[in-house]
Structure formats: C-alpha cells, structure tokens
Amino acid sequence: MRGLVLHAPGDARIEDRPDPEPPGPGDVTLRVVRAGLCGSDATEYLAGPVLTPLTTRHPNSGVFGPVVLGHEFIGVVEDAGSAVANVAVGDRVAAGAGVWCGRCDWCRRGQTNLCASYWTYGLSADGGLTKRITVPAAMVHPIAGHVSDDNAALAQPLAVGMHAVERSRIRPDDVVVVHGAGAIGSFIIAGAVAAGAGSVVAVDVDPGRLEVARQLGATRTVDAREGDPLEVVRELTGSVLADVTVEASGLADGMSRVQRLTRRGGTVLLVGLPKKDVSFNSVDLILREIDVMTTLAHVCDRNLPAALGLLAERDLAALLVEKVVPLERAVEEALVPLAQGTARGKLLVDPQATT
C-alpha cells in the first residue's frame, strides 16, 4: 500500500509501504478515509526530525526505515480484535493519535496525555497518511452518521482545542481573548464559543483568519497591525480586562502581549510553542494574582468525544477546510504549501481517492 513518508528535511515521498499488522485483541484495523496535515507535520518536513524518528521498526517486515506522517485521521473499521467492545467492523471512527499505558501515575489521574510512555502515530511511529492502519481501539470513537468525512477529519485537532478550553477554565459569560487565530487558535475559538463564553476577541494579522474567526463566533476581531486589542478589551469590560487570555501565536513576546489584557485574578493560557525565549513580567503576575496555565495535546476519553459532539452540531469543515487532495499528490499539493505558508485553510488527504 502507499503512504506519505518523511525521509529527511525537505524530502517526503509517496511510496509503497508494508500492510499494517493484523489487530491484536484490543486493536482495530482502519481503512483511512481522511487524514489531515498540521503545523507539526510542516515542522518535521522543514527542519526535522524534531519528533519523528527516521529509523523506526516496521512490524511486519522487522526492518528499520523512515516514518509515515499523519496524526489526524479517521477511517472505517475493517477488522477488530477479540477484546474490542467500543466499536465494530463497519463503524466509521475518529482516532485520537496518542497512545497511553493506562497504568502510570498520570494515567491513573486521568492525565493520559502526560502518560510516562506516551507516543503518537504519525510522529513516533507510522501514521495515518496511508491507506490502512492498525491502532488501539481505546483511542478511537464513533462518528455520527450525518457528519461528513471532511468535518469528522477535524476531530483530533478540535479535541486539542477542547482540551485547551478545559484547561483555561472558561466560564459562561467570560470575556476571552485568543491571540493567534491560526489552526489551533480557530479550534480554541470554536471551543470557547461552545463553552458559553460571553465575548471572544480574536487577534491576528491575517484578515482571512480574522474573517474565519468571526464566522466561528468571535464577537470582536482585531488586526494587530492596525489596532490595539487593549482598547477593545477595555471597551468590552469597562477597563476590568479579560477573564481568560489564550496565547496561540507562538510569538516570543506573545505572553507579555496577552498578560496586559488579563484582569486581576484572571487566567493566561499558553498554547503556541515559541521558538525563542519567552519574556513576561513576573512581578505583575504575582501582584495581580494571574494564573498561568499550559496545555498539551488532549485527553482522548474526554476531549475527542466532546469534539465529535461539536462537529455533529456544526459543519466546521465548511469554514476551515481549504481542499482535499489524493494521497498521490499530497506532498506537492498539501505538505509543501503548508510548509511554505501559502495554505489558506486546513488541508486534508483522501488516501482512497484515485488521481
């Protein structure tokens, strides 16, 4: 079968791969119908390997070789192990991508995303940018019948956004600022609206992203090149400032930018991964008792069903997906544009499509 394989920085190819191993008692084999690409895939392609090993062992052949990308994927169950009870052959399911042990201290506390042995399909091992894959049944959840493949393919990244919203402790009627309305920022905006935020202010420098943010439910948008979000937040709150601010841009000064928008006793949530040292005013954080939170990935059992529930109510694909491309053209029509920054929306791959 075919897969999108990362060989080296700037070198990704569509090539033949071994068929997936048969499912064990707790596994399912999926026929992948959609796989998404995200910023981490672009990073691996541009400057990797960062997280992706280039010499992973392939189960059937026992040989070592480069990795198939793709940690955002959905599929139809083709085969299921004897102990699988949550899904059946023929079910369409979304995969959470991350694998946890279920036994360590973090797993016992429900923090499966922090599992001592956590690893991810498409980064740590062969992923979903291929035709078929075998994964643990514990990481898949059924997709409602009326949800399109394109919409369902957003489940895993939306789950990341839902986890961020959960971590931020957004309450009904809160004023929320999302600094950076790119891929993850968009999903956080959708999650904040679903959580009942009173006002959501989206800040970015891209008019297209800000327009999408409005359609997702942002009540105000600010182009940071032309205006100061502080003025908008003061107007909304009577100078009290925002209850929750989310730094999703990854800029080195992003935290200091959102800190000044945050009220006394408010919360700053850090999502974006800066490439340089971060600067902020710790004395101000202390004197105004501002909580600083972080977020990583998602808790599959909670956040993936929540994401699928939201997608059953809203067609986010109509707002966020730019196009769907066949696997054979995924490098030049999806991975390269994403890495070059020319993609205007979410790029999906259909591994079953013919060219």
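**Note on the fold: strand pairing, packing and burial**

1. Strand S8 (residues 92–95) is paired with S7 in the antiparallel sense over three bridges. Strands here are DSSP runs of E with at least two residues, helices are runs of H or I with at least four, and both are numbered from the N terminus. Two strands are taken to pair if DSSP finds at least two bridges between them. Within this pair, Ile-74 has Ala-94 of S8 as its bridge partner.

2. The model is predicted: local features need pLDDT of at least 70, side-chain atom pairs count only at pLDDT 80 or more, and totals for chains, interfaces and linings use all residues. Residues are numbered from 1 along each chain as its sequence is written, and side-chain values use heavy atoms, with hydrogens and water left out.

3. Strand S7 (residues 72–80) is also joined to strand S3 (residues 27–36), by eight bridges, and these two run antiparallel. Ile-74 takes part here too, as the bridge partner of Arg-34.

4. The secondary structure of the chain amounts to twelve helices and 20 strands. The radius of gyration is 20 Å, close to the 20 Å that the globule rule gives for 355 residues, so the chain is as compact as a globular protein of that length. This radius is taken over C-alpha atoms, and the rule is 2.2 Å times the number of residues to the power 0.38. The C-alpha trace spans about 65 × 40 × 40 Å along its principal axes.

5. Of the 355 residues, 52% count as buried, where buried means under 20% relative accessible area, exposed over 50%, and partly exposed in between (1.4 Å probe, protein chains only). The chain exposes about 15,100 Å², of which carbon and sulfur atoms supply 51%; the area comes from the Shrake-Rupley method with a 1.4 Å probe. Among contacts with a separation of 6 or more, 69% join residues 24 or more positions apart, a contact being heavy atoms within 4.5 Å.

6. Strand S14 (residues 199–204) runs parallel to S15 and is joined to it by four bridges; Val-203 has Val-222 in S15 as its bridge partner.

7. Axes are lines fitted to C-alpha atoms, for helices over the stretch in contact, and angles run from 0 to 180 degrees between N-to-C directions.

8. A further open sheet has three strands in the order S2-S1-S6, with antiparallel pairing. Strands S2 (11–16) and S6 (67–68) are the edge strands, each pairing on one side only. Two bridges join S1 (residues 2–8) to S6, and Val-5 has Val-68 as its bridge partner in S6. Helix H12 (residues 330–340) packs on this sheet, touching S1 and S2, and its direction makes about 145° with that of S2.

9. Val-5 lies in strand S1 and counts as buried because its relative accessibility is 0%. Setting aside residues up to four places away in sequence, its contacts include Ala-12, Arg-13, Val-67 and Val-68.

10. The largest nonpolar core has 92 residues, and Leu-4, Phe-73 and Met-139 have the most contacts inside it. Such a core is a set of buried Ala, Val, Leu, Ile, Met, Phe, Trp, Tyr and Cys residues joined through side-chain atoms within 4.5 Å. Another core lies apart from the largest one and has eleven residues, including Val-175, Val-222, Leu-241 and Ala-242.

11. Thr-295 is placed in the loop between S18 and helix H10 (300–313). Beyond residues up to four places away in sequence, Thr-295 touches His-163, Ala-164, Arg-167, Leu-269, Leu-270 and Val-271.
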